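Please keep the sequence and the structure in view while reading.

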Amino acid sequence: MFELLPGTGLALPYGAGVLRFGMTEREAQWAVATLADVRESWVCQAGWAFTARYQGLELHFSGDHTDRLGRPEFHRDGFAGVQLRRCDPAPTEPSAVPVVLQGIDLFGYPAAEVLAALGPDPHPAVRLPPAGSPSPDGYLPSVWLSADGPGEGAT
């Protein structure tokens, strides 16, 4: 089970640890590599990024974010965000591995039920796709967790 921990980071399955916001790329890659193969990636305005696949999920990690306007007060050192995305872009069944926020499995129930329980904006640092995306009867295809909520820093 992956657990989104707003303000802290992401808890990994099977006791692999917690990816804490601010940790270095090497620390983050090392923790994720205990579960899956890590591949280098690229994210705009991030100093580093990598991906991994785990039981039907794609995980996209990034860190050392800079502000697109060059404002140093919005620079974020270390691990700054993760997107967990279903490999199937229009999932019609629960995920093989739970992705939990506030005790609710985001990928384990139809999107309408999840959004009814959590609301469309459960936390400023968590972004969920809108209801009906990609299909009204489907499951959520992705979730994004950042170290900062919208407007608070580079995400």
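## The six-stranded sheet

In what order do the six strands of the open sheet stand, and is their pairing parallel or antiparallel? The model examined here is a predicted one. The order of the six strands is β4-β5-β6-β7-β11-β10, and they pair in the antiparallel sense. Strands β4 and β10 (residues 126-127) form the edges; each has a single partner strand, so one side of each is left without a neighbour in the sheet.

Within this sheet, β5 and β6 run antiparallel and are joined by eight bridges. Tyr54 stands opposite Leu57, a residue of β6. Helix α1 packs on the sheet, where it touches β4, β5 and β6. The direction of α1 makes an angle of about 5° with that of β5.

## The two sides of helix α1

Helix α1 comprises residues 25-33, and among its residues Ala28, Gln29, Ala31 and Val32 are buried. These residues lie on the same side of α1, because they cover an arc of only 165° around the axis. An α-helix has 3.6 residues a turn, so residues three or four places apart point the same way.

The buried residues of α1 are covered by elements that include β3 (18-20), β4 (38-40), β5 (46-54) and β6 (57-65). Arg26 and Trp30, by contrast, are exposed on the other side of the helix.

## The five-stranded sheet

A further open sheet has five strands in the order β3-β2-β1-β8-β9, and its pairing is mixed. Its edge strands are β3 and β9 (104-105), each of which pairs on one side only.

Strand β1 pairs with β8 (residues 99-101) in the parallel sense over two bridges, and Phe2 stands opposite Val99 of β8. With β2 (residues 9-11), β1 pairs in the antiparallel sense over three bridges; here Gly9 of β2 is the bridge partner of Leu5. The hairpin of β1 and β2 has three residues between the strands, and in it Gly7 takes a positive phi near 85°. Strands β8 and β9 run antiparallel and are joined by two bridges, with Val100 opposite Asp105 of β9.

## Strand β1 and residue Glu3

The side chains of β1 (residues 2-5) alternate along the strand.

Glu3 and Leu101 are 98 residues apart along the chain, yet their C-alpha atoms are separated by 6.1 Å.

## Cysteines

A disulfide is a covalent bond between the sulfur atoms of two cysteines. How many disulfides are counted in this model? When the sulfur atoms of a pair must lie within 2.5 Å, the count comes to zero.

Cys44 is partly exposed, with a relative accessible area of 48%. Cys87 also counts as partly exposed, at 31% relative accessibility.

Definitions and conventions. Residues numbered from 1 in each chain as written. Predicted model: local features only at pLDDT ≥ 70, side-chain atom pairs only at ≥ 80, totals over all residues. Heavy atoms only, no water. Buried < 20%, exposed > 50% of the residue type's maximum accessible area, 1.4 Å probe, protein only. Helix = DSSP H or I, 4+ residues; strand = E, 2+ residues; numbered from the N terminus. Pairing = 2+ DSSP bridges. Arc of directions from axis to C-beta. Contact = heavy atoms within 4.5 Å. Axes fitted to C-alpha atoms, helices over the stretch in contact; angles between N-to-C directions.
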